[in-house]
Amino acid sequence: MARSFMDLIWDYAVFVVFIIFSTLYPLWGRFFGKKEKTKADYVFGLGTISMGAMMLSIARGTLGVRSVLGYPSELFYRGSAMWETLYGMVTAYPLVCFIFIPVYFNLGVTSVYQYLDLRFNSRLVRCLASGTYIVRSLLNLGVTVYTPTVAMNTVIGIPYWASLIGISAISIGFNLLGGLKAAITADVIQSVTMILISVGIIVQSMITVGGFDKIFTIPAENGRLNFFNFTGDATVRVDTTSAWLGQLFMSLSIFGCQQNFVQRYLSMSTFKEVRRTLMSNIPVVIALFCLAWIVGMGVYSVYAVCDPMKAGYTNKMDEILPFFVEDKFAYLPGVLGIFMASLFNGALSLNVSNINSLATVTWEDFLSHLPRYKGIGDKQQLNVIKFVGSIYGVIVMGVGFSVGLLSGVIESSMLMTSATSGPLLGVFLLAMLVPIANWKGAACGMIVSHILTLWITFGSLTVSKEVVLLPTTIEGCTNDTFSAGITKPTKSWLLANTPLEVESEFPYFDTTTHSPVERTVGFPENLYSVSYMYYSLIGTFLTVVIGTLVSALTSHTDDAYDRKLLHPIAYYCSKFFPGKERRYISNPDIRPKDVESPDSGTKKSPLEELERDNLGFDTVSEQSGVTVVSVDPLPPKLDRPEVYRKHDPEADR
């Protein structure tokens, strides 16, 4: 803590008030509004969430805490190369709308991994995917909730354990009292607050350097803005090609295959609303993404001639933004408090929404299949989900405490994310776009891809790599550079050994710059040297290729599945493939979402209306078992009556 307690009394007060408000307001409806009575209310919010709130929540989940701390420090010390990951994010949105949502929307699934079970008729594939998601999320959440606690300990002196317990306790309360709607409301509060704070930082930077144009010209003159850098070298940490391709495959894995995102899509009433929300979210993500980088440009323009880390006032790269707020807003009591409270609330909202998703996946993919939970009512299911979510809240807190003691936990979390995005995306692409794919190919593809990607990832730690940090200077430091009362911090063991990298989607490591050593590199060192930005692409490619080959070699008539589980275009194109014509089954477990009647405002059963799409996907057998049907676009007329399920025709376009 650089300033005394009395100097920060207003900041402490604002911090406490903001945390109380951001905690109680989302839960207000739990006590005085419509209460969540069913599992669907808790998991999906049942249409009570506005499109604007959903857009901000999706954008918030897309950018994460890294948009607050990670991007400004990235620009300050490494330049704008990572900025170009925006290309991959933007490209991913229409692809998710075109590939993933049309398949998910009319299946009536609660867990996104339930789709894999329906498609491959394999518990193994489903558990591989959902288990990977659970482990990865727990490790990532431990890092996410711990990171702002270190910043708060550094700046305003709150012990990290107190912040960690506070975040976990509030998260468990949210889980028990709220649901998806409360989590999204918390996301909105945090998003709006950080937008206002970011604008304030930019304005303060402009005033300090003497003009808005200097926020751009000073970083440009010092080599911080360097775009469209096509090196052609896969070992470069990040260039334009790796930023776009790597982030594209990672974003597809996150947006299209991760429970907390798909859960938000399925909470909307129609496919048209999902599509409009996602496509409208592109300019929102661009604006919020660029805002964080412009904040970094403003901070750099202020400290261009006096780097606080080089001068000894900060210990880690990601402390630069909290230091700026503490330094340049010292004249305005309370600003530092609301900034730190927003970091706290950011970790809280991410924790809440992910705990909700983790509990849902655990119930749907693991617990619901146990004999003791067979046939329990909806209310009991909801209670189990809330209880599991509370357990996950405690586990995340334990991981957070471990992060403070074992630096390897952080690295494991980062490596897990980069290594698992590809296999997860690959198995979903196999399911949706490869008609021949079966459970044996999907399982082999995932397992082999995991092994090889993890081998490359951990092998990369054995290769000495050049870490390039852009030059900074302290030649312009004077007695008036920093505000009165700003002093150099004392270095504790914990702070000295805890890196502050924020989001594992971008696993860069804070290490000391050293000169490269010229030496001949052979296999497998040259493979280990490949940039981590390509890990998701490599994992996806391996899963799809191996899965397709194994499926072709092990194909069997028992591999038949309902063609609703295949993307309509993939099904249509498959009819022109050479070879024996595939046979499909009609799966009675596929239950589309209920729809609202426009006249009465009441819910109608999907079975009450007849509507056929242009591919004839709607035919469902009345038999309790599985019936083999024709692959013709229009199934043959049967002697017995057929039942047709209502679906959203927008999803097939």
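User: Does E74 count as buried or exposed?

Analyst: This is a predicted model, so the answer applies to the model's coordinates. The cut-off for buried is under 20% relative accessible area. E74 has a relative accessibility of 1%, so E74 counts as buried.

User: With which residue does E74 form a salt bridge?

Analyst: The closest N and O atoms of the pair are 3.1 Å apart. The pair links distant parts of the chain, 163 residues apart, with E74 in helix α5 and the partner in the loop between α11 and α12.

User: What is the relative accessible area of D327, which forms a salt bridge with K328?

Analyst: In this salt bridge the closest N and O atoms are 3.5 Å apart. K328 is at 13%, which means that K328 is buried. D327 is buried too, and its relative accessible area is 0%.

User: How far apart are the closest N and O atoms of D562 and K564?

Analyst: Both D562 and K564 are buried. The two form a salt bridge, for which the limit is 4 Å. The closest N and O atoms are 3.9 Å apart.

Terms used:
Residues numbered from 1 in each chain as written. Predicted model: local features only at pLDDT ≥ 70, side-chain atom pairs only at ≥ 80, totals over all residues. Heavy atoms only, no water. Salt bridge = Lys/Arg side-chain N within 4 Å of Asp/Glu carboxyl O. Helix = DSSP H or I, 4+ residues; strand = E, 2+ residues; numbered from the N terminus. Buried < 20%, exposed > 50% of the residue type's maximum accessible area, 1.4 Å probe, protein only.
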